[in-house]
Amino acid sequence: WFERTVMLEYLPLINTKEIILASASPRRVAALHTFGLKLKVLPSKFEENLDKKSFAHCTEYVAATARGKAREVHQRLKAQGQLPDLIISADTIVDLDGQILEKPSSPANAVEILMALSGKTHNVHTAMCLVVTTATGEPALYEFVESTGVTFDTLTPATAQCYVDTGSPMDKAGGYGIQDGLATSFIRGVQGCYWNVTGLPLNRFCRELLLVAKQHWGAK
């Protein structure tokens with residue numbers, strides 16, 4: 001028998017809890033709203049400047065960044081005496097042969113990133129950290145990293161420049177957004193969770209949220 005992992009039947013219980021999303025990303029907010037999750041948005045002030053070279057693998061780096069975001073919000077709210085039931089954070093990076101590609105620093109850099117991805121398969125890693133306020137008041141951390149392969153067609157510099165000129169790549173890891181419609185014209189295939197490429201792996205998150213509800217909120 002498969003363990004029940006679908007959490008929709010527990011949504012009424014989950015929505016009685018105070019849930020904070022430690023992100024200003026409109027894409028993540030929209031994704032979590034797709035199945036009716038009620039939450040408040042409180043962007044993290046964590047400085048995303050960890051030394052990438054200090055991590056053995058890029059998945060460790062993205063996990064540490066997501067953890068840092070969640071912990072910053074937790075510490076801030078704890079100091080105010082306003083701890084919620086759950087804090088959710090996430091961070092997404094693009095991994096090309098072990099090289100971490102984050103948001104472009106400039107339009108020229110966005111073109112460089114797109115040309116580096118041209119004709120190749122890269123991995124998108126999204127780390128999520130869930131901080132639960134337990135019955136004792138102490139935090140419990142639930143963490144995971146989801147990875148998805150994305151294959152690009154071969155791009156010309158002109159195609160990359162046209163895409164960059166739309167402005168869409170500038171706030172997205174790897175310099176593209178699979179959900180914006182335009183990028184789908186040069187994305188040949190996706191291996192794994194589509195939602196993960198948008199910055200929030202919904203299925204994996206729902207499974208983790210159900211685990212939290214069972215272990216802390218009385219879901220059966």
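Predicted model: local features only at pLDDT ≥ 70, side-chain atom pairs only at ≥ 80, totals over all residues.
Let's start with the strands. Take strand S5, residues 121-133. Two other strands pair with S5, so let me go through them in turn. On one hand there is S3, residues 86-96. S3 and S5 run antiparallel, and 10 bridges join them. On the other hand there is S6, residues 139-152. S5 and S6 are antiparallel too, with 13 bridges between them.

Let me give you some landmarks on that S5 and S6 pairing. Cys-129 stands opposite Glu-143 in S6. Leu-130 has Tyr-142 of S6 as its bridge partner. Now look at the hairpin that S5 and S6 form. Five residues sit between the two strands. Among the hairpin's residues, Gly-137 takes a positive phi near 90°.

Follow S6 onward and you reach S7, residues 187-191. S6 and S7 also pair in the antiparallel sense, here over four bridges. To find the place, look for Thr-151, whose bridge partner in S7 is Gly-189.

Back to S5 for a moment. Is S5 largely enclosed or largely open? Of its 13 residues, 10 are buried, so the rest of the structure largely encloses S5.

Next, Asp-95. This residue lies in strand S3. Asp-95 is buried, and yet it has no salt bridge. How far away is the nearest side chain of opposite charge? That side chain belongs to Lys-120, and it is 11 Å away. A salt bridge needs the nitrogen and the carboxyl oxygen within 4 Å. So what does the Asp-95 side chain make a polar contact with? Its partner is the side chain of His-125, at 2.9 Å. Now set aside the neighbours within four places in sequence. Asp-95 is then in contact with Cys-58, His-122, Asn-123 and His-125. Remember Cys-58; I will come back to that residue.

On to the salt bridges. How many are there? The count is 10. I will show you three of them.

Number one is Glu-18 with Lys-40, at 3.5 Å from N to O. Glu-18 is in the loop between helix H1 and strand S1, while Lys-40 is in strand S2, so the pair ties together parts that lie 22 residues apart in sequence. Glu-18 is partly exposed, at 31% relative accessible area.

Number two is Arg-27 with Asp-171, at 3.4 Å from N to O. This pair links distant parts of the chain, 144 residues apart. Arg-27 is in helix H2, residues 26-33. Asp-171 is in the loop between helix H5 and S7. Arg-27 is partly exposed, with a relative accessible area of 25%. Asp-171 is partly exposed as well, at 36%. There is one more member here. Lys-172 joins Arg-27 and Asp-171 in a network of salt bridges.

Number three is Lys-52 with Glu-102, at 3.0 Å from N to O. Again the pair links distant parts of the chain, here 50 residues apart. Lys-52 sits in the loop between S2 and helix H3. Glu-102 sits in the loop between strand S4 and helix H4. Both ends are partly exposed: Lys-52 at 36% relative accessibility, and Glu-102 at 22%.

Last topic, the cysteines. How many disulfides are there? The count is zero.

Cys-129 counts as buried, at 0% relative accessibility.

S5 pairs with S3 and with S6. Asp-95 is buried without a salt bridge, but its side chain makes a polar contact with that of His-125. And the model has 10 salt bridges and zero disulfides.

Technical notes. Residues numbered from 1 in each chain as written. Heavy atoms only, no water. Buried < 20%, exposed > 50% of the residue type's maximum accessible area, 1.4 Å probe, protein only. Lys, Arg positive; Asp, Glu negative; His and termini not counted. Polar contact = N/O pair within 3.5 Å; in protein donor to acceptor, adjacent residues only side chain to side chain. Contact = heavy atoms within 4.5 Å. Pairing = 2+ DSSP bridges. Disulfide = S-S within 2.5 Å.
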